[in-house]
Amino acid sequence: MIFYFTASGNSQAAAEQLAEGLGERVISIGLALRDGQFAYDLGADKYLGFVAPTFAYTLPGAVARFIEKLELKGYAGQYTFGVFTCGAASGDEGAALRQALLAKGLGWNGSFDVVMPDNFILWTPLPGEERLAATRAAARKRIDGILARILAGENGTVTEKAPKMPFMPLEKISTAAGTSKLYATDKCVGCGACANVCPMSCVKLVDHAPVWEGECCMCLACLHHCPQGAVEYADQTAGKKRYLNPDARPRLKNTY
Ligand SMILES: Cc1cc2nc3c(=O)[nH]c(=O)nc-3n(C[C@H](O)[C@H](O)[C@H](O)COP(=O)(O)O)c2cc1C
């Protein structure tokens, strides 16, 4: 069973490639959080994987929240791994995932990282299409290498040191004085794509206009998925290209 968390599709594409190679099923953590679905039976599954983006060199808050609530039946020492997609550099996310899984009585065979296009456009604007495609092609190759190592039963990176941060804090980083810095401009047509894609269910439509409240995990799914390009973050995203990984098939529901 492979759980993945994604905002712009990189980790989903990675999870789907891994699942195909390992003969496993995939579960979207974002959809599971929205559905309140935390009970799973590993059954005959041989592998337990978590695929997610690196957030501030640690685990996304949404992933930490999901693992905290996870009720997993049928765990019998399956090979358990993490794969992190990052825009440039990984950090403590493997150590953070290890700590979260060990706290649930699960095992740990280590983590692997893979560089994918950087969706954190607040700081780093996206490069051109050719460069994005080249980064994705290199990532697919790297994931094939990771697959070969997992199939051979080799461990990934195992860091026993505690992470500096167990996860990127929910809301604290994404909001100022309780008000999210995410907002919709007058390009918004009230389609609700932002609300439908938010893993934390913190975007509400009020009079056809999105309002951000509650525990945003700052994944930027609302911003990248808006078909009008109407969602902005403070004054840091105006005029910048948005990103969705074209290899990830849109998923609207999980099969539990
Ligand atoms: C809030 C946030 C924090 C991020 N922090 C990092 C980071 O610390 N290091 C890094 O290399 N990339 C970082 N990124 C980039 C993403 O990890 C990367 O683009 C990832 O592949 C996105 O995955 P997704 O398409 O599955 O959402 C960050 C992105 C976001 C939204």
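This is a predicted model: local features need pLDDT of at least 70, side-chain atom pairs count only at pLDDT 80 or more; totals for chains, interfaces and linings use all residues.

Student: OK, what domains is the protein divided into?

Tutor: There's domain 1, covering 2-151, and domain 2, covering 175-233. Their C-alpha centres lie 24 Å apart.

Student: And how many residues of each are in contact?

Tutor: 11 residues of domain 1 are in contact with nine residues of domain 2.

Student: Which helices supply the domain 1 side of that?

Tutor: Helix 2 (29-35) and helix 3 (61-69) each put at least two residues into it. Helix 2 has the largest share, with four residues.

Student: How does that side split by class?

Tutor: On the side of domain 1 that touches domain 2, six residues are nonpolar, four are polar and one is charged.

Student: Back to helix 3. Is it mostly covered or mostly open?

Tutor: Mostly covered, as seven of its nine residues are buried. Those are Gly-61, Ala-62, Val-63, Ala-64, Arg-65, Phe-66 and Ile-67.

Student: What covers them?

Tutor: The cover includes helix 2, strand 4 and helix 4.

Student: Let's switch to the ligand. How many residues surround it, and which are the closest?

Tutor: 25 residues surround the ligand, and the closest are Thr-6, Asn-10, Ser-11, Pro-53 and Cys-86. Helix 1 (10-22) and strand 6 are the elements that give two or more residues to that shell.

Student: Which domains does the shell draw on?

Tutor: Domain 1 and domain 2, with at least three residues from each.

Student: How do the shell residues divide into nonpolar, polar and charged?

Tutor: The shell around the ligand has 14 nonpolar residues, 10 polar ones and one charged.

Student: You mentioned strand 6. Why is it largely enclosed by the rest of the structure?

Tutor: Strand 6 spans residues 79-86, and six of its eight residues are buried, so the rest of the structure largely encloses it.

Student: Which strand do seven bridges join it to?

Tutor: Strand 4 (residues 47-53), and the two run parallel. As one example, Ala-52 has Phe-84 of strand 6 as its bridge partner.

Student: What about strand 7?

Tutor: Five bridges join strand 6 to strand 7 (residues 111-115), and that pair runs parallel too. Cys-86, one of the closest residues to the ligand, stands opposite Val-115 in strand 7.

Student: Where does the chain cross from strand 6 to strand 7?

Tutor: Through helix 4 (residues 93-103), and this β-α-β crossover is right-handed.

Student: Where's an antiparallel pair?

Tutor: Look at strand 11 (residues 203-206) and strand 12 (residues 209-212), which run antiparallel and are joined by four bridges. Val-206 stands opposite Ala-209 in strand 12.

Student: How many residues are between the two strands?

Tutor: Two, and the strands form a hairpin. In the turn, Asp-207 has a positive phi of about 50°.

Student: What's phi for Ala-56, then?

Tutor: Near 50°, a positive value in a residue other than glycine. Ala-56 is placed in the loop between strand 4 and helix 3, and it's partly exposed, with 18 other C-beta atoms within 10 Å.

Student: And Ala-234?

Tutor: Phi there is near 45°, which is positive as well. Ala-234 lies in the segment after strand 13 (231-233), and is exposed, with 12 other C-beta atoms within 10 Å.

Student: Last one: is Ile-27 buried or exposed?

Tutor: Buried, because 20 other C-beta atoms lie within 10 Å and the cut-off for buried is 20 or more. Ile-27 sits in strand 2 (residues 26-28).

Student: What is Ile-27 in contact with, leaving aside neighbours within four places in sequence?

Tutor: Met-1, Phe-3, Ala-32 and Asn-254. As for Phe-50, it's 23 residues from Ile-27 in sequence and 9.6 Å away in space, C-alpha to C-alpha.

How values were computed. Residues are numbered from 1 along each chain as its sequence is written. Two strands pair if DSSP finds at least two bridges between them. A crossover is right-handed if, with the strands pointing away from the viewer, the path from the first strand over the helix to the second runs clockwise. A residue is near a molecule or strand if its C-beta atom, placed from the backbone, lies within 6 Å of it. Ala, Val, Leu, Ile, Met, Phe, Trp, Tyr, Cys and Pro count as nonpolar, Asp, Glu, Lys and Arg as charged, and the others, Gly among them, as polar. Domain bounds come from an automatic or database domain assignment. Two residues are in contact if their C-beta atoms, placed from the backbone, lie within 7 Å.
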